[in-house]
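Please read each one alongside the model.

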Amino acid sequence: NGDVKLEDFRGKIVPIYFGFAACPDVCITALSGLSMALRSLSHDEMAQIQPLFISIDPERDTPAKADEYAKYFHPSIIGASTDAENLKAIAKRYLVIYAKVAMEDSAMKYTMDHSSKIYFVGRKGKIISTASHGESAENLAKQLKATLAYWVNTLARVKCAFNKFLTFMNISLNGKTHSLADNSSLASLIDALELTGKRIAIEVN
């Protein structure tokens, strides 16, 4: 149904798994565990999560086939496939290892050897943690919950650090004064600092 871009899911947690539809065992184990973890979450928690399956076998896995395979494990998982060059760039970004292995005596002709990890991408599009192959569904659920809480906890830590200065300081960025009285203002300030990288002027009352 069109291009799948990680930035489209900003604000959500994105657990990502790399595999292929013809995988005989490794992918089944990993995606089954992720599926069980997802099913243990509440409706509100699931509303903040967008699981993603990326095929490492573009020769056989069309986007439709990858998506059908992913949804066999859980209806919320989006399956995606891309061309070989783009896949190579994406895999390099996540340090995913994969290789095509010939199977001369098999009707499949070849299989794919690959690393097996689940990458937990946070609300800002950065990897927060990973889960190794064979991790229990219970632990995967805990990691999902921890990733959901990561941004909230980060806001709390930053806000606590700044609270000592609230009585006598305002923070001015590009001529605009930011109040740190609420999380939305603090989040906007952090976004501005991350994206612009410009100097901050501290104005003391």
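1. Histidine 114 lies in strand 5; strands here are DSSP runs of E with at least two residues, helices are runs of H or I with at least four, and both are numbered from the N terminus. Histidine 114 is buried, at a relative accessible area of 17%; buried denotes under 20%, exposed over 50% and partly exposed the range in between, with a 1.4 Å probe and protein chains only. Apart from neighbours within four places in sequence, histidine 114 is in contact (heavy atoms within 4.5 Å) with Tyr17, Phe18, Gly19, Phe20, Cys23, Val26, Cys27, Ile56, Ile97 and Tyr98.

2. The model is predicted: local features need pLDDT of at least 70, and side-chain atom pairs count only at pLDDT 80 or more, whereas totals for chains, interfaces and linings use all residues. Residues are numbered from 1 along each chain as its sequence is written, and side-chain values use heavy atoms, with hydrogens and water left out.

3. Lysine 109 is exposed, with 57% relative accessibility.

4. Leucine 95, likewise not a glycine, has a positive phi of about 60 degrees. Its place is the loop between helix 4 and strand 4 (98-103), and its relative accessible area of 71% makes it exposed.

5. The largest nonpolar core has 44 residues, of which Ile16, Phe18, Leu38, Phe53 and Tyr94 touch the most other members. Such a core is a set of buried Ala, Val, Leu, Ile, Met, Phe, Trp, Tyr and Cys residues joined through side-chain atoms within 4.5 Å. At least two core residues come from each of several elements, including strand 1 (14-19), strand 2 (52-55) and helix 5 (137-163). Helix 1 provides the largest share, 6 residues.

6. Which residues does isoleucine 16 touch, not counting those up to four places away in sequence? They are Leu6, Leu52, Ile54, Tyr94, Lys117, Ile118, Tyr119 and Val121.

7. Helix 1 (residues 26-39) has 14 residues and reaches 20 Å from first to last C-alpha, close to the expected 20 Å, where the expected span is 1.5 Å times one less than the number of residues. Its buried residues are Cys27, Ala30, Leu31, Gly33, Leu34, Ser35, Ala37 and Leu38.

8. The protein chain has a mean pLDDT (the predictor's confidence in each residue, from 0 to 100) of 82, and 72% of its residues reach 70 or more. Residues 195-205 have pLDDT below 50, with 22 contacts in the model beyond near neighbours in sequence. Where pLDDT is low, the predicted coordinates should not be read in detail.
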